[in-house]
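Thanks for coming. Please have a look at the sequence and the model on the screen, and I will talk through a few parts of it.

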Amino acid sequence: MDDVDEQMIQLAVDLGRQGAEAGAGGPFGSVVARGGEVIGQGHNSVLATHDPTAHAEVNAIRDASRALGSPHLDGTTLYASCEPCPMCAGAALWARVDRVVYASSRADALEWGRFDDDAFWDDIIRPLPERQLPHTQVGRDRALVAWRWFSEHASDLHY
């Protein structure tokens, strides 16, 4: 770990504490940076916004994407005060960040804050019929009409 990593992790930890002190959510903070330049940042705001997706990493990715005018964050690092949950890890993959650096582990979050995402990690690797949250497919033919249109008319949109 280099000095930039240490500085960005400290900022992420500080953001998390500030958000928690304000009552916005748990003590989670995150920064998206390229080298030593902060591009986006955020803290957990689940309680303040009543939004279960308002995790620190998602908020930082949204902030960075707005700043760059792109959903792709190639060449950046996502710094998180805690090991990302499955949703945030997925968001980092979709954003195309180059790497993730985190401070505390999910075991730390469980021990000190009663945040337990092990069930989510376990569930996402199960086959659909075995998942805790039932998944049912309905209306595939109708959805394929939209996919065909997309393929013919909007295929230049790249995710």
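The second largest pocket holds about 230 Å³ of space. Keep in mind that this is a predicted model. Which residues line this second largest pocket? They are Pro86, Met87, Ala119, Phe120, Asp123, Ile124, Arg131, Gln132, Leu133 and His135. Sorted by class, that lining has six nonpolar, two polar and two charged residues. Helices α4 and α6 each give at least two residues to it. The largest share comes from α6, with four residues.

Now the largest pocket. Its space is about 470 Å³. How many residues line the largest pocket? The number is 20, and those nearest its centre are Phe28, His55, Cys85, Phe115 and Asp117. The elements that supply two or more residues to this lining are α2, residues 46–49, then α3, α4, and α5, residues 106–113. By class, the lining of the largest pocket splits into twelve nonpolar, three polar and five charged residues. A word on how such spaces are found: rolling a probe the size of a water molecule over the atoms shows where empty space is left.

As a reminder, an α-helix has 3.6 residues a turn, so residues three or four places apart point the same way.

Just after α4 comes arginine 96, with a positive phi of about 65°. Most residues other than glycine have a negative phi, and most peptide bonds are trans. Arginine 96 sits in the loop between α4 and β4. Its relative accessibility is 30%, so arginine 96 counts as partly exposed.

Histidine 50 also has a positive phi, near 60°, and is a residue other than glycine. Where is histidine 50? It is in the loop between α2 and α3. Is histidine 50 buried or exposed? Its relative accessibility is 71%, and exposed means over 50%, so histidine 50 counts as exposed.

Aspartate 5 is in helix α1, which runs over residues 3–21. Why does aspartate 5 count as buried? Because its relative accessibility is 5%, and the cut-off for buried is under 20%. The side chain of aspartate 5 makes a polar contact with the side chain of arginine 99, at 2.6 Å. If we set aside residues up to four places away in sequence, aspartate 5 touches Tyr79, Arg99 and Val101.

The other one is isoleucine 39, in strand β2, residues 37–43. Isoleucine 39 is buried, with a relative accessible area of 10%. Which residues is isoleucine 39 in contact with, leaving aside neighbours within four places in sequence? They are Val32, Ala33, Arg34, Asp63, Ala64, Ala67, Leu68 and Thr76. Isoleucine 39 and serine 65 are 26 residues apart along the chain, and their C-alpha atoms are separated by 8.4 Å.

Last, the whole chain. The secondary structure comes to seven helices and four strands. Read along the sequence, the pattern is α-β-β-α-α-β-α-β-α-α-α. The C-alpha atoms fill a box of roughly 50 × 35 × 30 Å, taken along the principal axes. There are 159 residues, and 32% of them count as buried. Take the contacts between residues at least 6 apart in sequence: 48% of these join residues at least 24 apart. The accessible surface of the chain comes to about 10200 Å², and 55% of that belongs to carbon and sulfur atoms.

That is the end of my part. Thank you.

Definitions and conventions
Residues are numbered from 1 along each chain as its sequence is written. This is a predicted model: local features need pLDDT of at least 70, side-chain atom pairs count only at pLDDT 80 or more; totals for chains, interfaces and linings use all residues. Side-chain values use heavy atoms; hydrogens and water are left out. On a 1 Å grid over the protein atoms alone, a cavity is a set of points where a 1.4 Å probe fits but cannot get out, and a pocket is an open set with protein on both sides within 12 Å along at least five of seven lines; lining residues have an atom within 4 Å of a point. Grid points are joined across faces, edges and corners, and a volume is the space filled by probe spheres set on the points. Ala, Val, Leu, Ile, Met, Phe, Trp, Tyr, Cys and Pro count as nonpolar, Asp, Glu, Lys and Arg as charged, and the others, Gly among them, as polar. Buried means under 20% relative accessible area, exposed over 50%, partly exposed in between (1.4 Å probe, protein chains only). A polar contact is a pair of N or O atoms within 3.5 Å; within protein, one must be able to donate a hydrogen and the other to accept it, and residues adjacent in sequence count only if both atoms are side-chain atoms. Contact means heavy atoms within 4.5 Å. Accessible areas come from the Shrake-Rupley method with a 1.4 Å probe; for residues, only the protein chains shown count as cover.
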